[in-house]
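Open the model in your viewer and keep the sequence panel beside it. The stops below say what to select and what is to be found there.

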Amino acid sequence: MVLAMPSPTVFANARIGTASDVCAIVVDGPRIAAVVPMAEAPTGAHVDLDGRTVLPGIDDSHLHAYELGRSLTAIDCTAAASLQDLQSRSEEHTSELQSH
């Protein structure tokens with residue numbers, strides 16, 4: 001279903017992802033034209049999101065989000081030249097994960 005919205009439409013008082021400040025999302029036709037602080041929001045049709053969080057959409061017919069997330073924290077063992085090298089890489093990787 002496609003909604004007909006005036007252009008531009010400003011989605012006001014939105015939180016993007018994990019950001020703490022509210023902002024305005026300016027949509028012009030089928031695309032996001034800008035994300036700006038509320039003070040810089042253009043005039044036009046406004047939809048007040050009242051501080052709600054807006055997350056990016058994923059349009060993919062076959063997505064394994066768990067595997068993607070897991071791969072981002074996995075250690076790459078393919079380049080290890082020895083057991084000692086593998087242990088060293090593992091220790092470095094563990095330290096990096098613990099520092100975040």
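By about how many helical turns are Glu 67 and Arg 70 separated in helix α1? Keep this in mind while getting an overview; the tour comes back to it at the helices.

**The whole chain**

The model is a predicted one. Show it as a cartoon and follow it from the N terminus: the elements run β-β-β-β-β-α-α, which is five strands and two helices. Of the 100 residues, 12% count as buried. Switch to a surface view, and the accessible area comes to about 8,000 Å², with 56% of it belonging to carbon and sulfur atoms. Taking contacts between residues at least 6 apart in sequence, 40% join residues at least 24 apart.

**Strand β1 and its partners**

Select residues 9–16, which make up strand β1. Which strands pair with β1, and in what sense? Strand β2, residues 23–28, pairs with β1 in the antiparallel sense over four bridges. Strand β4 pairs with β1 in the parallel sense, also over four bridges. Strand β5 is a parallel partner of β1 as well, over two bridges.

Now pick Val 10. On one strand, β2, Val 10 stands opposite Val 26; in β4, the residue opposite Val 10 is His 46. Move along to Arg 15, whose bridge partner in β5 is Thr 53.

Select Thr 9, which is found in strand β1. Is Thr 9 buried or exposed? Thr 9 has a relative accessibility of 2%, so it counts as buried. Show the residues around Thr 9: leaving aside neighbours within four places in sequence, the contacts of Thr 9 are Ile 25, Val 26, Val 27, Ala 45 and Val 47.

Next select Asn 13, also in strand β1. Asn 13 is not a glycine, yet its phi is positive, at about 60 degrees. The relative accessible area of Asn 13 is 26%, which makes it partly exposed.

Then go to Ile 16, again in strand β1. Ile 16 is partly exposed, with a relative accessible area of 31%.

**The loop between β4 and β5**

Select Asp 50, in the loop that runs between β4 (45–48) and β5 (53–54). What is the phi of Asp 50 near? The value is near 50 degrees, which is positive in a residue other than glycine. Asp 50 is exposed, its relative accessible area being 60%.

**The cysteines**

How many disulfides does a search of the whole structure find? The count is zero. Cys 23 counts as buried, at 10% relative accessibility, whereas Cys 77 is partly exposed, with a relative accessible area of 40%.

**The helices and their salt bridges**

The last stops are the salt bridges, of which there are two. Select helix α1, residues 65–73, and show the side chains of Glu 67 and Arg 70. These two side chains meet in a salt bridge, at 3.5 Å from N to O. Here is the reply to the opening question: Glu 67 and Arg 70 are three residues apart in α1, so about one helical turn separates them. Glu 67 is partly exposed, at 40% relative accessibility, and Arg 70 is partly exposed too, at 47%.

Move to helix α2, residues 83–99, and show Arg 89 and Asp 85. Their side chains meet in a salt bridge, at 3.2 Å from N to O. Because Arg 89 and Asp 85 are four residues apart in α2, they are separated by about one helical turn. Arg 89 is partly exposed, with a relative accessible area of 30%; Asp 85 is likewise partly exposed, with 22%.

Note on methods. Residues are numbered from 1 along each chain as its sequence is written. This is a predicted model: local features need pLDDT of at least 70, side-chain atom pairs count only at pLDDT 80 or more; totals for chains, interfaces and linings use all residues. Side-chain values use heavy atoms; hydrogens and water are left out. Buried means under 20% relative accessible area, exposed over 50%, partly exposed in between (1.4 Å probe, protein chains only). Contact means heavy atoms within 4.5 Å. Accessible areas come from the Shrake-Rupley method with a 1.4 Å probe; for residues, only the protein chains shown count as cover. Two strands pair if DSSP finds at least two bridges between them. A disulfide is a pair of cysteine sulfur atoms within 2.5 Å. A salt bridge is a side-chain nitrogen of Lys or Arg within 4 Å of a carboxyl oxygen of Asp or Glu.
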